[in-house]
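Please view the sequence and the model together while reading.

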Amino acid sequence: MIRKFLHQVFSRKTPASSSTSTLTVIPFKRHGIRRHQITPCALKIATQIQQAGFSAYIVGGAVRDLLLGLTPKDFDIATNATPEEVHHIFRRSRIIGRRFRLVHVMCGAETVEVSTFRGSSTEEDDPVAIQLTDQHGRLLHDNVFGSQEEDAARRDFTVNALFYDPAKEEILDYMKGYEDIKAKRLRIIGDPIQRYREDPVRMLRAVRLASKLGLQIESETAKPIGDLAPLLHNVPPSRLFDEMLKLLLSGYALPCVVELRARGLHHGLLPMLDVILEQPLGERFITIALKNTDERIRQNKPVSPGFLFAILLWHEVLSRWNSLQAGGEKPAPALFKAIDTILSIQRNKLAIPRRFDAVIQEIWTMQPRFEARAGRKPLRMLTHPRFRAAFDFMMLRCESGELNAELGEWWKTFLSADGDQREKMLSSQPGPKRNKRRRSRKKASPSNDPGSDTMIPDTQP
Ligand code: ATP
Ligand code: MG
């Protein structure tokens, strides 16, 4: 039954969208991309697939990035071999995915994604495929094998639909993507409205890719975005989360956020963006933090998603924390309560996976400890495994004006000081006496000083 269905779909006439495409073969002397610009793993895998009698091409973002003079993040391969056939060629490989069946081929520490050419399958193209979209036209299934030309047509933007043959060092271009790259233009393939309906995430991808790659969104591609923005409501939250994370970690988070707002893709559609943009008090903090994140990424420094979420939600936590304290709660339990509340509200909206919780909570709960500079506490702070992230976070709070700049300067000096200088800095702090008094009080009732050791267990060995 399924076989028959697949056969019907597979052997149907070429879809409408591909009838407009013509193949242009771009030789090396025009595009200038040498096969050694591809990682040895991807090259080896493509070559082995070709030697087994199939076609294999580097495809998508990697070809685009090479043509733009950028270093690709990863190399994907497209082939006419089925997932089973690919799996058969490589001992170290596995078939993954249910909706999109792909093969991951392992090579040293690298994993290369190999996908079989897929066709498009909307009801406009083919009545057999009528069950494949929801009532808004969103594609629910996209796993019908097709020809290379169909594979090009089902991709999102022309610049993402180029195939590079490493053996011949040729680029195969069905969608005039090469021209668009040269003109620095981002153009959607096919009818923009239909393509956004099929997958509303393409609107977010347009903004992210244009900002990141310095491309102009072509006018027909840009036009429907504002009107179709509400379609993002139908996208599963986990997919929106993944896409927003890509956007925030693209190295161009700030321009992307500005662009999303300008194109009407923000209010009420992307909960994460609401959080970012609808905090009058936090706006300065978030702007500084995103700029800082972008710089780190461009310098190839690590940015953890946990750190990013800690930033995005900090002012929510802060205002909840303040109002709990204004209601008479003690600072330390109030902070924990505020954290719990904000995380559980946002978990549903933003679909933040729980694996990030520990980092987020540690960064936040360490914050008050930076303000307790008396005694040995600052030295103990340095040994905390999350110290660096918490310190960077505190510095952003200083830069945004939320904390006194003097505090950040003190910590910066303390970090670079030698042992003697540190001792001097600690002994010149006015705190110890006051602390002693607190410590004696602590016996009777637990401390409510958010900077005290009772709030966070010390993690030093
Ligand atoms: P990046 O540099 O961010 O990885 P990319 O274009 O490679 O950008 P991927 O998400 O890795 O993005 O996707 C790989 C390729 O798959 C794209 O280049 C594009 O051809 C195709 N693709 C990805 N998402 C979509 C989509 N929503 N609709 C159609 N094609 C898509
Ligand atoms: Mg990619």
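## Surroundings of Arg-155

Leaving aside residues up to four places away in sequence, Arg-155 touches Val-59, Gly-60, Ala-78, Asn-160, Ala-161, Phe-163, Ile-189 and Arg-195, where contact means heavy atoms within 4.5 Å. Arg-155 itself belongs to the loop between helix 7 (148–153) and strand 7 (162–165). Helices (H or I, at least four residues) and strands (E, at least two) are DSSP runs, numbered from the N terminus.

Arg-155 has a relative accessible area of 12% and is therefore buried. The classes are buried under 20% relative accessible area, exposed over 50%, and partly exposed in between, using a 1.4 Å probe and protein chains only.

## Basis of the model

The model is predicted: local features need pLDDT of at least 70, side-chain atom pairs count only at pLDDT 80 or more, and totals for chains, interfaces and linings use all residues. Residues are numbered from 1 along each chain as its sequence is written, chains are lettered from A and ligands numbered from 1 in the order in which they are written, and side-chain values use heavy atoms, with hydrogens and water left out.

## Two helix pairs

The axes of helix 19 (residues 357–366) and helix 21 (residues 387–399) come within 9 Å and cross at roughly 60°. Helix 19 is therefore oblique to helix 21. Axes are lines fitted to C-alpha atoms, for helices over the stretch in contact, and angles run from 0 to 180 degrees between N-to-C directions. Angles under 35 degrees count as roughly parallel, over 145 as roughly antiparallel, 65 to 115 as roughly perpendicular and the rest as oblique. At this contact, Ile-363, Trp-364 and Met-366 of helix 19 meet Phe-387, Ala-389, Ala-390 and Phe-393 of helix 21. By class, the residues are 7 nonpolar, no polar and no charged. Ala, Val, Leu, Ile, Met, Phe, Trp, Tyr, Cys and Pro count as nonpolar, Asp, Glu, Lys and Arg as charged, and the others, Gly among them, as polar.

Helix 13 (residues 237–248) packs with helix 17 (residues 305–326) at an angle of about 95°, their axes being 11 Å apart. Phe-241, Leu-245 and Leu-248 in helix 13 meet Pro-305, Leu-308, Phe-309 and Leu-312 in helix 17. This contact of helix 13 with helix 17 comprises 7 nonpolar, no polar and no charged residues.

## Salt bridges

Side chains of opposite charge can pair when their charged atoms come close. The whole structure holds 24 salt bridges, each being a side-chain nitrogen of Lys or Arg within 4 Å of a carboxyl oxygen of Asp or Glu. Arg-386 and Glu-362 form a salt bridge (3.0 Å, N to O). Arg-386 lies in the loop between helix 20 (377–382) and helix 21, and Glu-362 in helix 19, so the pair ties together parts that are 24 residues apart in sequence. Arg-386 is partly exposed at 28% relative accessible area, and Glu-362 is partly exposed at 24%.

Within helix 21, Arg-388 and Asp-392 lie 4 residues apart, about one turn of the helix; the closest N and O atoms of their salt bridge are 3.6 Å apart. Glu-329 and Lys-337 also meet in a salt bridge (2.8 Å, N to O). Asp-180, Arg-185, Arg-187 and Glu-218 are linked in a network of salt bridges.
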